[in-house]
Structures are given as structure tokens and as C-alpha cells.
Amino acid sequence: MSAPVRASRPAASAARSTSRRGTVRPLRSTAPTPHDLDDLRELTREIAAEVRAGQHEVVIDPERRWYRLLRSDGLLDVWLISWATEQIAELHDHAGSLGAMTVVSGALTERRWTATGGLRTRTLRAERGAGFPLGHVHDVANPAREPAVSVHAYSPPLSAMSYYDVENVPGGAGQQRLRRLRTELVEAGQGVG
């Protein structure tokens with residue numbers, strides 16, 4: 001089944017966005033969405049606070065990542081994900097979607113691809129997060145003994161994800177590049193795990 005056709009965004013010079021705080025500002029992304037990375041980061045922080053307050057059930061599954069769709073309105077999806085020890089989301093992108101995540105509890109390690117430096121690693125601890133602009137390729141893992149929980153938002157909702165491997169450039173004196181392994185369509189409401 002093919003992904004639904006999404007309306008394109010107005011020209012950037014004329015486009016405006018109303019933030020969750022009600023202020024109007026020029027749009028900064030080129031994704032077909034009225035939300036920007038700041039909106040998504042703020043939303044994941046708010047939902048993470050709800051999770052910490054016990055408003056959303058969290059299940060830790062030692063066999064595979066557990067996830068639940070918390071919100072979906074056609075413009076964005078918000079997911080709650082738990083990560084037992086050694087669980088990982090392989091190196092991937094989010095196709096034409098912007099994204100953000102906030103760690104609720106525990107810590108997650110993100111390895112993100114940079115064209116000039118290859119894979120860079122950072123640890124995101126509870127109440128910390130990250131935004132994912134268009135073209136962001138990363139993996140996320142929980143290498144710790146204690147489980148981790150995170151909230152993720154994508155706008156527009158995920159329609160496809162490509163998965164990658166890192167390979168050495170032949171004759172490139174240690175240079176590396178991404179090699180796409182596969183692309184998978186994501187159906188509406190399909191899990192991200």
C-alpha cells in the first residue's frame with residue numbers, strides 16, 4: 001500500500017506557525033507540517049512529565065521494545081516507548097518527518113550520523129532530549145542495566161523509514177559513508193518499535 005499524499009507547505013516566506021504558547025513565528029522547517037522542532041521538543045517534555053506523574057501506563061518487555069501511540073491527529077503522532085537492557089532501534093531515518101524525543105527515566109545512547117564526522121555518540125539522561133531535523137540518521141539504544149522510557153513525537157506522522165549501515169569508502173583513507181539497506185513504509189498507527 002502506498003503512503004498517503006500529503007499537502008505541500010506554503011512558500012517559506014509566507015508561512016507562519018502558531019507555537020504551543022500562542023505566539024506567531026516564521027516556519028523554520030521544510031517538512032509539510034505546521035510544527036517545528038521546538039514545538040515537538042516542548043510537546044515531548046510535556047508528555048514526559050505526564051508519564052512521570054503516572055498518567056500513562058508503561059510496560060517493560062524484556063524481549064522487545066514496548067510502545068504505545070498516545071496521540072495522533074493527522075499532523076503529528078506521539079509515542080511512549082520503553083527500553084529494557086540492550087534493546088536498540090537500528091540506524092534509521094524518519095523520511096519526510098521531523099521528530100523529537102525526551103527521556104522520561106533511565107538513559108539512552110544515541111549515535112547520529114554527521115557527514116563530516118561519521119557517527120557521533122551522546123547519552124540522553126532523564127528529562128533530556130533531542131530534536132531530529134529532516135535527514136537525521138541515528139540509532140537509539142539502552143546499554144544500561146536499568147530500563148529506560150522515552151516519549152517521541154513525529155510530524156507529519158511517520159510514513160516511511162530507511163535503515164542504514166556504515167561502510168568504509170574504498171580508497172578513502174578511513175572515510176565512511178552511509179549505505180541504505182532498505183526502506184519500509186509505515187502504516188498509520190503502526191508501531192515504531
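I began with charges over rings and found Arg182 over the face of Tyr163, 4.2 Å from the ring centre. The model I am reading is predicted.

**Entry: confidence**

I looked up pLDDT next, and the protein averages 85. A score of at least 70 is reached by 81% of the residues. Residues 1–29 stay under 50. For that stretch I still note 46 contacts beyond four places in sequence in the model.

**Entry: overall make-up**

I listed the secondary structure: 1 helix and 13 strands. Along the sequence the pattern reads β-β-α-β-β-β-β-β-β-β-β-β-β-β. I then checked burial over the 193 residues of the protein, and 44% count as buried. For contact range I took the contacts with a separation of 6 or more; residues 24 or more positions apart account for 65% of them.

**Entry: aromatic pairs**

How many aromatic pairs does the count come to? I get 1 aromatic pair. The pair is Tyr67 with Trp79, with 5.9 Å from centre to centre and 75° between the planes. I log the geometry as edge-to-face, because the angle is over 60 degrees. Tyr67 sits in strand β3 (residues 66–72) and Trp79 in strand β4 (residues 77–83), so I record a link between distant parts of the chain, 12 residues apart.

Trp79 is buried, because its relative accessible area is 3%.

**Entry: helix α1**

I checked the length of helix α1, residues 37–52. At 1.5 Å a residue its 16 residues should span 22 Å, and the end C-alpha atoms are 22 Å apart, so the two values agree.

What caps the N-terminal end of α1? I find Asp36 there, with a side-chain oxygen 3.1 Å from the backbone nitrogen of Asp38. After α1 comes Gly54, and its phi is positive, near 85°.

I also went through burial in α1. The buried residues include Leu37, Leu40, Leu43, Ile47 and Val51. Asp39, Glu42, Thr44, Ala48 and Glu50 are buried in α1 as well.

**Entry: Thr109**

I placed Thr109 in strand β7 (residues 107–114). Its relative accessibility is 18%, so I count Thr109 as buried, the cut-off being under 20%. I looked up Asn142 separately: Thr109 and Asn142 are 33 residues apart in sequence, with their C-alpha atoms 6.2 Å apart in space.

**Entry: His138**

I found His138 in strand β10 (residues 138–141). His138 is buried, because its relative accessible area is 2%. Which side chain makes a polar contact with the side chain of His138? I find the side chain of His94, at 3.5 Å. Beyond four places in sequence, His138 also touches Glu90, Leu91 and His92.

**Entry: backbone checks**

Where is the cis peptide bond that involves Pro156? I find it from Ser155 to Pro156, with omega near -10°. Pro156 lies in the loop between β11 (148–155) and β12 (160–168).

I then checked residues other than glycine for positive phi. Glu86 has phi near 70°, and I place Glu86 in the loop between β4 and β5 (88–92). At 59% relative accessibility, Glu86 counts as exposed, because the threshold for exposed is over 50%.

Ala95 also has a positive phi, of about 50°, although it is not a glycine. I place Ala95 in the loop between β5 and β6 (98–105). Ala95 is at 34% relative accessibility, so I log it as partly exposed.

Terms used. Residues are numbered from 1 along each chain as its sequence is written. This is a predicted model: local features need pLDDT of at least 70, side-chain atom pairs count only at pLDDT 80 or more; totals for chains, interfaces and linings use all residues. Side-chain values use heavy atoms; hydrogens and water are left out. Rings of Phe, Tyr and Trp (its six-membered ring) pair if their centres lie within 6.5 Å; planes under 30 degrees apart count as stacked, over 60 as edge-to-face and the rest as tilted. Helices (H or I, at least four residues) and strands (E, at least two) are DSSP runs, numbered from the N terminus. Buried means under 20% relative accessible area, exposed over 50%, partly exposed in between (1.4 Å probe, protein chains only). A charge sits over a ring if NZ of Lys or CZ of Arg is within 6 Å of the ring centre and within 35 degrees of the ring normal. pLDDT is the predictor's confidence in each residue, from 0 to 100. Contact means heavy atoms within 4.5 Å. The expected span of a helix is 1.5 Å times one less than its number of residues. A polar contact is a pair of N or O atoms within 3.5 Å; within protein, one must be able to donate a hydrogen and the other to accept it, and residues adjacent in sequence count only if both atoms are side-chain atoms.
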